[in-house]
Amino acid sequence: DDSYMLYVNEVYWGIHKYTAPLKSAKFVMLYGAELNFVWKEIRWPNSRKPSQIYSHKDDMKGPVEKLQSQIREKVENKPIEEIKDYASSTEGSIAILKEELLEQLLQKENYVDLKDKDMAWILRNREALEILLTSEGKYKVRETINHVSYPRINIQAIQTLARFVHDDPSVKTDPAMLRWAIAMSLTPRYVIARADRVLRVDNVDMYYRKKKWLKEGIYFPQATKLSSWHLKTTLSQANYPSEIEWAHKACMEEFKTPVTMHKNTQLVKYAKYNPDGIIVTNHREYYYNKPSTMQQVAKVGAVCGGCCNFGQAMCRAFGVPAFCVGQPGHCAYVFYNSEEDIWKGTWFNFGWNETYSRRGWYADRDHLIAEYLPLMNELQGKYNKEYRLSEKVRLAKKFAESDEAALGIVNEALLIEPRNVYAWANLRDISCKIPQSKRKRAVQNVLSPNLQRILKSKPAQRAMDVAMGKPIDADSDWYKPERINDGDDDGSRSDDDRSSFKIDLEDVYYKFTEVKFQWWHRCTPDTI
């Protein structure tokens, strides 16, 4: 029939309904490798033999090793100019970026079918690979190495993009639609919980809806000129389609422009209590046990969080990049002003230096938006060719014959684009690998005078979170203790006030100025 029973580690997880009879499916995709879960067999009702489980691991391993060997021949013991020329060429660009992408998937035990024609098109298309590897990766899929959070791409993003390539011919012919498809592939599949029901927003469905609105002139034309990095906060939307269609009609005419769209928050009354005197912290009762849709928020009211989510949704409904940010005890949001090519804030109670990304949208929780947004805005401006080349040269460092050679490659990446923050991070890490007795000479021989001058300059005194991502040992009553220092806003909890945890800082050589953590008590954050 159209249902299946799922057992995990011999524990019955219940009967799960398919949206269509199983006999109509060509294959079944099984996930779980990222959680170190291994599927051993599948048994269907009325079937004696288990179905075969096929992995593309062996299909990928050989080609990746061959690709690495080809790149090594072009990089190892070669002059910097030859390496740069190789990274600039179409052959070198595709090889370096393809290897990096497949390596990221293999690290998480994710395998793709290299024989699939849509996947093959992605892996041999230079423009697609360059956008994928320079758009700051998949939402919340990042890897922290030595306190630097590197963007990553996961299997779901690649499979979603392959689906767009297969279903929408314009992705292969229209550069704007390619950026749209990649941006939507890198955004989350929202699950909306609204009082009476839960809805999963399908990225593919939302992509075609917004493409339709663009054709009808509802979406501002600027949306076709934005980079995929900008589009990640434009195309994805945690709203019902009916809410977005309502927003198209409810938008105030005087504010229906890309630079004034944020003023539509005037449609929402700031109200701590609803008309019947129910406080907003009783969320369901505040909205009369109805879903807190944009329509209901405009009718009943909201406080800072609801108002800013409404404003963010209104901006995105017309193709204006926007996202919510956090401030001490407050929610605000920022939007992209395309006329001035700048990100602006609204609903601010504090300045930019006290504004942080919310729930990992752009970087870690402690990452200052004031620094990150202008930097990435410049790196993505007009699809910055220098940044793309700098990243390809930087990625080639892993094929260098020595740390000194790798240092020279990263030096070249910074000369191409001095604002490449990941190259600066690599410069520091590689320098630390070189023995101290040889480090000074290596720096003098390899690095350019400008970089040497910067390295010698006194760094700004700034606190950094050295505990993030470090091993944590917590009492058994903590719920998901890894959340305590994973850089996200979700946090952990314990029912015992005497619970404790220890964080192993490993080999950290810093001067400690303070130990600080945030404790939530009755929905009010206290910094201790």
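**Cysteines and a sheet in a predicted model**

Colleague: What makes Cys-251 count as buried in this predicted model?

Modeller: Cys-251 has a relative accessible area of 5%, and because buried means under 20%, Cys-251 is called buried.

Colleague: How do you know that Cys-251 is in no disulfide?

Modeller: A disulfide needs two cysteine sulfur atoms within 2.5 Å, whereas the nearest cysteine sulfur to that of Cys-251 belongs to Cys-315 and is 9.3 Å away, so Cys-251 is left without a disulfide by that cut-off.

Colleague: What of Cys-304, and is it buried or exposed?

Modeller: The nearest cysteine sulfur to that of Cys-304 is that of Cys-331, 5.6 Å away, and because the cut-off is 2.5 Å, Cys-304 is in no disulfide either. Cys-304 has 16% relative accessibility, which counts as buried. The structure as a whole holds zero disulfides.

Colleague: Why are β9 and β10 called edge strands?

Modeller: The open sheet has four strands in the order β9-β8-β7-β10, with antiparallel pairing, and β9 (342-346) and β10 (356-357) each pair on one side only.

Colleague: How do you know that β8 and β9 pair?

Modeller: Two strands pair if there are at least two bridges between them, and five bridges join β8 (residues 330-337) to β9, the two running antiparallel, so the pairing follows from that definition. Within this pair, Tyr-333 stands opposite Thr-346 in β9.

Colleague: Which helix packs on the sheet, and which strands does the helix touch?

Modeller: Helix α14 (residues 304-317) packs there, touching β7 (322-327) and β8, and its direction makes about 15 degrees with that of β8.

How values were computed
Residues numbered from 1 in each chain as written. Predicted model: local features only at pLDDT ≥ 70, side-chain atom pairs only at ≥ 80, totals over all residues. Heavy atoms only, no water. Buried < 20%, exposed > 50% of the residue type's maximum accessible area, 1.4 Å probe, protein only. Contact = heavy atoms within 4.5 Å. Axes fitted to C-alpha atoms, helices over the stretch in contact; angles between N-to-C directions.
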